[in-house]
Amino acid sequence: MSNSEYLYTRDAYGKTLVELGRADSNVVVLDADLSGSTRTAMFAKEFPDRFFNFGVAEQNMMASAAGLASCGKIVFVSTFAMFATARVLDQIRNSVCYNDCNVKIVATHAGITVGEDGASHQALEDVAFLRAIPGMKIIVPCDAEETKDAVIAAYRNKGPFYIRLGRSKVPVIPDKKEFAVGKAYVIREGEDVAILSCGIMVWEALKAAKILENKNISVTVANIHTIKPVDEGFIVNLAKKHKGLVVCEEHQIIGGLYSAVCEVLSSKYPKKISPVGIQDIFGQSGAPEELMKKYGLSAEAIADKAAGTLQD
Amino acid sequence: MKKKIVQLRKKANKIRRLIIEMLSKAGSGHPGGSLSSTEIVTCLFFEVMRYNSEDPDWPERDRFHLSKGHCCPVIYAALALAGHFDMGKLWNLRKIDSLLQGHPDWRIPGIEVGSGSLGQGLSVALGMGLAGKLDKKDWRVYCLMGDGEIQEGNIWEAAMAAAHFKVDNLCGIVDYNRFQIDGHIEEIMGLEPLVNKWESFGWHTHQCDGHNIEELLEAFAEAKTVKQKPTVIIANTVKGKGVSFMEHVVDFHGRAPNNKEREIALAELEEIEKLMEEKDEQF
Ligand SMILES: Cc1ncc(C[n+]2csc(CCOP(=O)(O)OP(=O)(O)O)c2C)c(N)n1
């Protein structure tokens with residue numbers, strides 16, 4: 001685990017886009033002046049005719065995506081998560097989702113680990129915004145390999161998707177299972193506590209499990225890469241099998257994975273669940289690791305929360 | 001007058017040096033558009049605007065809003081030089097638990113409203129202008145925008161409304177440095193004919209060299225005399241101005257100088273300062 005390779009998920013996205021572009025001439029890509037950062041520039045280079053840079057104009061880009069999709073195109077739309085969700089929420093709801101358009105929003109630079117740019121650029125509510133919209137599917141991949149799988153799955157499944165990527169390089173997670181939209185899986189089997197995680201928090205959860213192992217606490221780590229539709233049966237099963245449940249995400253505790261898990265269990269298997277996430281506050285500038293610590297997202301913080309679930 | 005202009009030029013040079021030092025210490029941030037706006041900001045903070053750094057909330061102050069929030073280093077330098085907070089704060093830019101955030105934060109003395117998400121600032125400034133009119137105040141509102149930024153539809157909604165409401169206490173400035181992140185403005189999403197666009201939206205327009213202090217002061221003075229219309233100053237600038245290897249270089253939109261680059265940049269700016277001193281003696 002310690003010698004995992006670190007890769008940018010957005011590199012995987014760019015490469016996969018190029019492969020899809022080669023395989024299907026209906027694939028078109030839109031960006032808003034961030035094509036270098038989002039890696040859509042890789043697609044733009046090979047398929048300049050099927051790439052549209054809208055400039056700094058996300059609302060126009062998102063509604064145009066709906067128009068392109070209505071004429072049979074499979075549209076990938078990218079910018080930073082902040083500008084791919086909050087800024088264009090009405091366009092996503094009323095033009096993209098309400099018309100069940102084949103639009104795949106792949107956003108980069110999500111979460112607190114955006115770092116030094118600070119609160120204005122740290123998308124921590126994006127999943128909450130989009131989860132409330134009917135028909136939207138939401139995937140938060142844990143690493144570069146899963147990003148590739150998610151992008152291909154979004155291409156194959158008709159309808160709107162949101163794929164949430166970060167800015168930093170992330171380790172390749174060992175022992176992943178085969179990817180399918182809406183199918184969560186266990187990465188590490190344990191008995192006492194289950195940690196349900198997604199995105200970069202899967203790695204933190206695995207580190208937390210190691211810390212707890214030394215304290216004789218046996219931990220299950222699950223990857224809930226699809227936040228919507230969330231794998232209800234899987235979650236209920238984990239709840240039944242473990243005394244403690246922790247949900248961790250690089251997102252506000254309101255409206256994201258924690259909320260999704262609470263919604264499932266409150267009706268199907270009521271149980272106490274401990275959240276690790278941003279506690280309803282804005283972030284700030286800082287180095288990504290410092291911010292992870294400060295806002296209680298580090299492996300140590302997860303381990304504390306997990307140990308706590310066994311005490312009460 | 002001559003003396004004042006020389007002093008403002010020197011102030012601008014000082015601000016450029018602070019921008020370079022601040023960004024190299026931070027290790028990330030946006031030099032290109034900070035350096036292109038330096039004279040605009042210098043004129044506003046050290047000649048045109050009315051404010052009291054001892055009392056940043058003084059109700060009679062002119063309002064400044066940085067719509068292109070990523071260029072905050074130039075504002076932080078100006079605010080520090082103007083005495084809003086102490087210079088030492090500049091060296092903690094973008095660090096955890098520091099005052100000076102990567103994008104403007106409303107808690108910083110001298111910052112009215114935070115920014116960072118592009119395209120909203122002209123509306124914010126419009127709101128301030130409307131409030132000033134409602135309260136029959138004579139203070140003015142200045143709003144600095146980027147040329148890439150004004151591709152946002154929100155800007156043009158504000159432009160339409162400001163003219164409609166005859167908000168003549170509002171002065172917008174477009175830092176027309178011809179570059180955005182992905183490349184040259186006219187290649188990514190053309191703005192031309194830019195002056196005609198603003199005019200057709202009902203604005204008084206004034207074009208000038210955005211690095212020429214005299215021209216800028218003249219533009220701001222003219223804006224104050226325009227009634228019944230907002231004014232926009234289209235300031236032609238050079239992205240990365242003042243540092244040879246940053247000028248017109250897209251890469252320096254959002255990359256901080258490393259130590260070596262910092263040394264070269266500072267040496268160049270000191271050279272310019274020296275030349276100014278020599279010229280100064282001739283007056
Ligand atoms: C709504 C929004 N979209 C995208 C960005 C990311 N972004 C930051 S700066 C920038 C380019 C701005 O170019 P310009 O306004 O010309 O700035 P300048 O050249 O003056 O630095 C972009 C796209 C943002 N901050 N906000």
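A salt bridge is a side-chain nitrogen of Lys or Arg within 4 Å of a carboxyl oxygen of Asp or Glu. In this predicted model, the side chains of Arg94(B) and Asp117(A) meet in such a salt bridge, at 2.7 Å from N to O. The count between chain A and chain B is three salt bridges, and 17 residue pairs are in polar contact, both residues having pLDDT 80 or more.

The side of chain A that touches chain B draws two or more residues from each of α2 (35-38), α4 (58-70) and α12 (288-294) of chain A. Of these elements, α12(A) gives the most, with three residues. By kind, the residues on this side of chain A are six nonpolar, 10 polar and seven charged.

In total, 23 residues of chain A are in contact with 26 residues of chain B. The size of an interface is often given as the accessible area lost when the parts come together. Here the buried area is about 1900 Å², with 42% given by carbon and sulfur atoms. Asp33(A), Val56(A) and Arg87(A) supply 30% of the area that chain A buries against chain B, more than any other three residues.

Chain A also holds an open sheet of five strands in the order β9-β11-β10-β13-β14, with mixed pairing. Its edges are β9 (185-188) and β14 (274-278) of chain A; each has a single partner strand, so one side of each is left without a neighbour in the sheet. The twist averages 25° from one strand to the next. Strands β13 and β14 of chain A pair in the parallel sense over four bridges, and Val247(A) has Pro275(A) as its bridge partner in β14(A).

| Helix | Strands touched | Angle |
|---|---|---|
| α11(A) (residues 257-268) | β10, β13 and β14 of chain A | about 140° with β13(A) |

Technical notes. Residues numbered from 1 in each chain as written. Chains lettered and ligands numbered in written order. Predicted model: local features only at pLDDT ≥ 70, side-chain atom pairs only at ≥ 80, totals over all residues. Heavy atoms only, no water. Contact = heavy atoms within 4.5 Å. Buried area = accessible area lost by both parts, 1.4 Å probe. Polar contact = N/O pair within 3.5 Å; in protein donor to acceptor, adjacent residues only side chain to side chain. Nonpolar A, V, L, I, M, F, W, Y, C, P; charged D, E, K, R; others polar. Pairing = 2+ DSSP bridges. Axes fitted to C-alpha atoms, helices over the stretch in contact; angles between N-to-C directions.
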